[in-house]
Every structure is written in structure tokens, then in C-alpha cells.
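Reader: I have a structure open and would like to go through it piece by piece. Can you take some questions?

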Amino acid sequence: MTDARQAPSSRALIERSLKRRNAAERRFRLYGVLAICVALGFLALLLGRIIQQGHSAFVAHEMSVSVPLDPSRIDRSYPAGANYDLMAAEQVGALLGISPTDEAALTEVREILSPDVGLQLGEQVRDDPALIGQTITIHAPLGDDADQYLKGEINRETLEAQRVLTDRQLDWIDRLEARGVISSALNTGLFTRGDSTQAELAGLLGAIVGSALMLLVTAAVALPIGLLAAVWLEEFAPKGRLTDFIEVNINNLAAVPSIVYGLLGLAVFINTLGLPRASPLVGGLVLALMALPTVIIATRSSLRAVPPSIREAALALGASKTQAVFGHVVPLAMPGVMTGAIIALAHALGETAPLLMIGMISFVPGVAEGFTSAASTLPTQIFIWENAAERAFHERTAAAIIVLLAFMILMNAAAIFLRRRFERRW
Amino acid sequence: MTDNLSHAPAPAVTAASSGRAQNVKIRARGVNVFYGAKQALFDVDMDIPDRTVTAFIGPSGCGKSTFLRCMNRMNDTIVGARVEGAITMDGEDLYAKGLDPVLLRARVGMVFQKPNPFPKSIYENVAYGPRIHGLARTKAEMDHVVETALKKAGLWDEVADRLSHPGTGLSGGQQQRLVIARAIAVRPEVILMDEPCSALDPIATARIEELIDELRRDYCIVIVTHSMAQAARVSQKTAFFHMGRVVEVGDTETIFTNPRDTRTSDYITGRFG
Ligand SMILES: Nc1ncnc2c1ncn2[C@@H]1O[C@H](COP(=O)(O)OP(=O)(O)O)[C@@H](O)[C@H]1O
Ligand SMILES: [Mg+2]
């Protein structure tokens, strides 16, 4: 009876508190959703701005010019000495009704062409002197300023003195485009050329190859060392002061600012060991030092996640400690190890500061030939281009960021795929 | 092999063998085990006969597993664990300096409470032990070893057509028999079982008990169990542990019908534990 009398009142109490609790729960959910929205908003802003700036770099305008290789103007014993740029400019000038004697106008015509026209002509003649006397057609990128104008980045309304192109240059470009001499195409040069001082000829191949070589070094050094160090610490090391000390310091190393690793690399690898500056080898070694703590920490946690029953099973069958660890525990931990390693490498891919310290700030034309030649990498290329004056380089900077992000997203996707694919339930 | 399997468990053997004079397989004298500063076993003396099932019973935490793990030196793998006293197998000191625990564990197999097959194929689970010990030189030999072990463990008929399937995909009872097959494949002399049925349903349990009864023809078996009924069903010898001490060891029949110590009778009649 007493119970029956008390029941409604306690029920009412609970209902009242329930209302409060439900309200609190709704509030916290709302905060959570808001926080996510803010984070996604920032991300969208960042990506949107980069894509908006950089997407135009993936197409470029190119021009086709037919140039008669006048034998009287090319010295057969020294074909490289001929002024191919002028010969091309004259042909373009002819299309526009400019007299070959109007030198001032021809100089302006040359400004809207890329020096690549002359380079291509020179190369073809060098490779095949029989071409002299014939007319050959060249497809070459348009000069970067003309390209920017056609992409709408240079405005006719701006005062002529404040523009890189003169009024008549703009007219010529319009006329050439109308005649179909200039066309727009996918900018394959962005991926097939190395860096160049000419914006329209600057590509990312050198940086991509440099980054790839560097990551190879990083992976080859950091993965085996990290794996072995983690296995030893986790499975073999006697637990005690020393291992605690090592553990604390590995965690500390993971928090050391990356520029410090750059200074270390400069002092040890370049100054003491005499390894070549700005090379993928040194860059890779520095990044390996940086990646090591991450690899070790990730490996240890995935080793710890392997249930002890697996170790016991192997040991009880008479497997030695090493057989149990390398035959059973490490293979089971491998998906986690690989996930951690890929994330560490993706992180290393974007690292800039330590690379600047070891000399990767300098201009490197072309593509690195090996691990010891000077190279640029994606992040340092971005840094270098960002500091260039030409407008066309800004577009390319954003494009390089897009490429870097694409590689990172690919690597992270690979990590997620590995985790999903090999995830185990015990 | 197959005629072994077709045998029904023979409860009559329990009584018959208890009277038989058996040679001692494992002899323990004055065994003390410490985990760090904590002593888990006190002065344990015990003779474990060959080709017999010996059951360890007692309330949880009384040191049954600890003593079991002394016999294949699995305690060595626990940091801070220390074993004192003498344990011999066929007169050979298991804790002698020159004795390699790896060799010992090949001679003394172990089955754990929770089935722990490797996340590999059924075949690979059984073949692992023979492979690391070099017990089979050719593929054909290995096939034979695997088949024999699976037959002895009474699992062959159920898995013969899916040896390449993962061992972890089997039912709990099948996994436990797979683990037994894996232990048998190394051709041990002793099989230690630590509560092998506590994670299984009654039918799977009955199947394992049947198997234990068959295996005792060839092996010295020690089984830890928290089920008195199981001890009574499968064992011929029983040891009762209490707070790190062996209170009473004897023929299972005697322990269950006529225990000497009041603690034993209290435990058996369910007054504590
Ligand atoms: N790895 C270990 N570290 C520390 N103490 C342990 C460890 N294993 C067991 N013990 C202790 O030793 C005693 C006996 O344990 P155990 O042999 O597992 O008992 P049982 O198997 O009879 O339940 C218990 O008090 C337990 O807490
Ligand atoms: Mg136990």
C-alpha cells in the first residue's frame, strides 16, 4: 500500500527531471551539429578558394605557327645560333599585317609568344638539319601574360601603363584567337614539365618526381626501423625505467616542431656527412626522422591490439618468442601498421619547413635524375611559386596545392581502405 | 583412428583405472609460485600419473591455472612470475638450466579457456606446430599429420571438405576441438587444459568430454574445471586446491564420495566456491 502511494510521486519526479535531461541532450546535440558545420564550413571555404584560384591552370592556351626555315638565316655549322624567335614572330606578324621591318612591333609580338616556340624550332633543326629550307609547324604554349588575358585575368579597362600587355597586343591576341591560331587545351605541360622561370612552361613533374623519390627514402628508412623498434619495445624489451624513458622520449619526439628536424638534417646530413644539399636523399632522411615516432606509436598500438591469446597459442605450441611475434602478432598488426605508416607518409608529403632548411628553396629546373641530385618537391614548389611575381604563377600555385591535396587524399583513402579491408573482429 | 572415434565414452573405465598402478608422469615437490611479491602457490606436492585424466578443482583464484602453467613453463612469459621448488617430467627437471622451454612446450601441449585458433585456415592451424618443429618434411607428410590430428580430435568429418576455410569461422566447440587437434599435431606427451569447456554450450561440452576420455589412452591429461560434475565425469584423479594450497589429492571417486578434509567436502557439496 505504501508503495502504491509513493509510486505516482516518484514517477512525477522522474518525469520532471526527464524533461530537463532531454532538453540538455537536445542542446548538446545541437552544439555538436553546429561544431561540425563550422568545421566543414572552414574546409569548404579553403577548398573552394583553392579550386577557384587553381582550376584555370589545368587548361592553357596554345598557338600553332608555321615557320619557313630560311637557309640564309640559319648557319648550318651552328644552327643553334639562329634567331628562331624572331623568325616565328615575323610569321605571326605577317598574319596580323605587321611589316617584317617594324622591329618595335615584332618585339611586342614576341612578348605574346612563349620562348618555347624558338626552343622547339632550334631542337627540331638540331635533330634533323634536313629540315632547313622547309616550313614546319610548331604547337607551343602562349606566353603567360597572353594566356592570363584570354582567361580574363587582365582587364582592358585597366590603364595601359599599369598592364603587362599593351592595347595593340590585346588586339592582336583577339585577332589571332578569332583566326583560330590560338586554341585552348588541357594543360598537359603542367604534368610533363619541370619548373621554369617562364610561367607558361613551368610544370609540376619535377616536384612530383622529387616528392616521390623523397617519400621512397622516407618509407625505406622509417618503416623498417619504426617497425623493428616498436616490436622490440612492445614484445621484447624488459619493462622498466629504461623502456619508460625511451617511451616518453618517443612521444616527445613526435611533438618536436618540424623545422628542428630540418636544422638537424642540415647539421648532420649535409654539414657533417656531406650529403648533397636539396637532394631527395637528405629530404627523405629528415622526413624519416620525423615520421619515425608516428610509425613507432602506431605500430605499438596495433601490436597491443592483437589479443594475448594469439601469443599464448603460439608459445604453448612451442614457438619461440621470435616465431610467435613475427609469425603471428606482427602479421595481424600489419593492417594497423600500414595505416599508421601511410598517414605518417601523407604527413611527410606535405611537410615544408624542414625541406626549406636543407636547401630545397632554390629554383631547380627540369626533373631530378636521382636520389642525390637537387630536386624540388610539391610543398617547396608551392612555396617557390607563391613567391613569384607573375600572375600566372599564382594560378599555378593553387594548382600545385590541388595536386598535393589530391595525392594526400589518395594516400588517406588507401589508409582507410586498408583499415576497412583488413579490420578484424576477434 | 576411426575405430577410436566410434567408441562411446566408457564411464566404467573410470572405476577400473583408478585401481591400476600408474607410473608418475609429472612430479611436483614444494612448488611455490610468486607474482611479484604476491605468493599464489604454497608448497604444492603432487604426482600426476600418465595416461590418466587428472582434474584440478577449487574456488576461483586458488591457483589451479598457476600450477597448470608451471608444467609447461608458460609462467615464464609472465613478467614478475617466479617459480620455486622441483617439477620433474619422467624424472627430468623442467626448470633445469639447460632445458629449453620451447622444447618443453612441444612435449606439453596446452588448451586454453577461450578457444584461440589462429586467424588462418583450419589446415594452417593444425600444420603450424609440426611445421615449426620440422615434424613433416613433405606436403604429403604434412597432410597426413593434419588429417591424423583432426581425426584424433574428432573434427575431421566436420571439416574435411573445408580445410582451407578460416579456423575462426567454426563454432565455439569446433574451435576448441581444432585447438586440441593443433596441440595433438605436435605429438605431445601431456595435454594441459584450462577450463576448456567453460565457454561452450552443454552439447559441445559433452563432445569435448568424450574426446578427453578417448585421448587419455595416449596422453597424460590435466584439466582445470570449475564444474564438479565434469571432474567427476572425465577424471580418474582429482586435486582440490584452496587458497594456493593443495588440500587433497586422490582418486576421483574417493574425493567425491569420501573426502578426508572438511574444506573439500564443503566445496563439493557447494557450501562455498
Ligand atoms: N599474471 C598474474 N599476475 C599477477 N597475479 C596473478 C596473475 N595470474 C594469477 N594471479 C593471481 O594468482 C592467484 C591464482 O590465480 P589462478 O592460478 O589464475 O587461479 P585459478 O585458475 O584457480 O582461478 C590469484 O590470486 C590471481 O589473482
Ligand atoms: Mg584459472
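Reader: Where is Arg73(B) placed?
Author: This is a predicted model, and in it Arg73(B) is in the loop between α3 and β4 (81-89) of chain B.

Reader: Buried or exposed, that Arg73(B)?
Author: Arg73(B) counts as buried because its relative accessibility is 12%, and the cut-off for buried is under 20%.

Reader: What about the phi of Arg73(B)?
Author: The phi of Arg73(B) is positive, about 55°, although the residue is not a glycine. Most residues other than glycine have a negative phi.

Reader: And what is the phi of Glu195(B)?
Author: Glu195(B) has a positive phi of about 45° and is not a glycine either. Glu195(B) lies in the loop between β7 (190-194) and α9 (202-215) of chain B. With 14% relative accessibility, Glu195(B) counts as buried.

Reader: Switching to the ligand. Which residues are around ligand 1?
Author: Tyr35(B), Lys38(B), Ala40(B), Ser60(B), Gly61(B), Cys62(B), Gly63(B), Lys64(B), Ser65(B), Thr66(B) and Ile78(B). By type, the shell divides into four nonpolar, five polar and two charged residues.

Reader: What sits 2.6 Å from an oxygen atom of ligand 1 on the Lys38(B) side?
Author: An N or O atom in the side chain of Lys38(B) is 2.6 Å from a ligand 1 oxygen. For Ser65(B), an N or O atom of the side chain is also 2.6 Å from an oxygen atom of ligand 1. With Lys64(B), a polar backbone atom is 2.9 Å from an oxygen atom of the ligand.

Reader: How much of ligand 1 does the protein cover?
Author: On its own, ligand 1 has 560 Å² of accessible area, and the protein covers 63% of that.

Reader: Which elements give two or more residues to the shell?
Author: In chain B, β2 (38-49) and α3 (64-70) do. The largest share comes from α3(B), with three residues.

Reader: On to the rings. How many aromatic pairs does the structure hold?
Author: Eight, over all chains. One of them joins Phe118(B) and Tyr128(B): the ring centres are 5.3 Å apart and the planes are at 75°, so the pair is edge-to-face. Edge-to-face requires planes over 60 degrees apart.

Reader: What parts does the pair of Phe118(B) and Tyr128(B) tie together?
Author: Phe118(B) lies in the loop between β6 (108-111) and α5 (122-133) of chain B, while Tyr128(B) lies in helix α5 of chain B, so the pair ties together parts that are 10 residues apart in sequence.

Reader: Are Phe118(B) and Tyr128(B) buried or exposed?
Author: Phe118(B) and Tyr128(B) are both buried.

Reader: Which residue puts its charged end over the ring of Phe118(B)?
Author: Arg182(B) does, with its charged end 4.5 Å from the ring centre. Elsewhere in chain B, the charged end of Arg82(B) sits over the ring of Phe34(B), 4.3 Å from the centre.

Reader: Which residues do ring pairs link into a cluster?
Author: Phe56(B), Phe67(B) and Phe241(B).

Reader: Back to the loop between β6 and α5. What does the side chain of Ser121(B) reach?
Author: The side chain of Ser121(B) reaches the backbone nitrogen of Glu124(B) at 3.0 Å. Ser121(B) is in that loop of chain B, and at 17% relative accessibility it counts as buried.

Reader: Where is Phe240(B)?
Author: Phe240(B) is in strand β9 (residues 237-242) of chain B. Its relative accessible area is 0%, so Phe240(B) is buried. Phe240(B) and Pro59(B) are 181 residues apart in sequence, but their C-alpha atoms are 9.1 Å apart in space.

Reader: Chain A now. Buried, exposed or in between for Phe371(A)?
Author: Phe371(A) is partly exposed, at a relative accessible area of 36%. Phe371(A) is found in the loop between α14 (353-357) and α15 (378-386) of chain A. From Phe371(A) to Val217(A), 154 residues away along the chain, the C-alpha separation is 8.4 Å.

Reader: Last one: where does Ile182(A) lie?
Author: Ile182(A) lies in strand β3 (residues 182-186) of chain A. Ile182(A) counts as buried, with 5% relative accessibility. Its C-alpha atom is separated by 9.2 Å from that of Pro141(A), 41 residues apart along the chain.

Conventions
Residues are numbered from 1 along each chain as its sequence is written. Chains are lettered from A and ligands numbered from 1 in the order in which they are written. This is a predicted model: local features need pLDDT of at least 70, side-chain atom pairs count only at pLDDT 80 or more; totals for chains, interfaces and linings use all residues. Side-chain values use heavy atoms; hydrogens and water are left out. A residue is near a molecule or strand if one of its heavy atoms lies within 4 Å of it. A polar contact is a pair of N or O atoms within 3.5 Å; within protein, one must be able to donate a hydrogen and the other to accept it, and residues adjacent in sequence count only if both atoms are side-chain atoms. Accessible areas come from the Shrake-Rupley method with a 1.4 Å probe; for residues, only the protein chains shown count as cover. Helices (H or I, at least four residues) and strands (E, at least two) are DSSP runs, numbered from the N terminus. Ala, Val, Leu, Ile, Met, Phe, Trp, Tyr, Cys and Pro count as nonpolar, Asp, Glu, Lys and Arg as charged, and the others, Gly among them, as polar. Buried means under 20% relative accessible area, exposed over 50%, partly exposed in between (1.4 Å probe, protein chains only). Rings of Phe, Tyr and Trp (its six-membered ring) pair if their centres lie within 6.5 Å; planes under 30 degrees apart count as stacked, over 60 as edge-to-face and the rest as tilted. A charge sits over a ring if NZ of Lys or CZ of Arg is within 6 Å of the ring centre and within 35 degrees of the ring normal.
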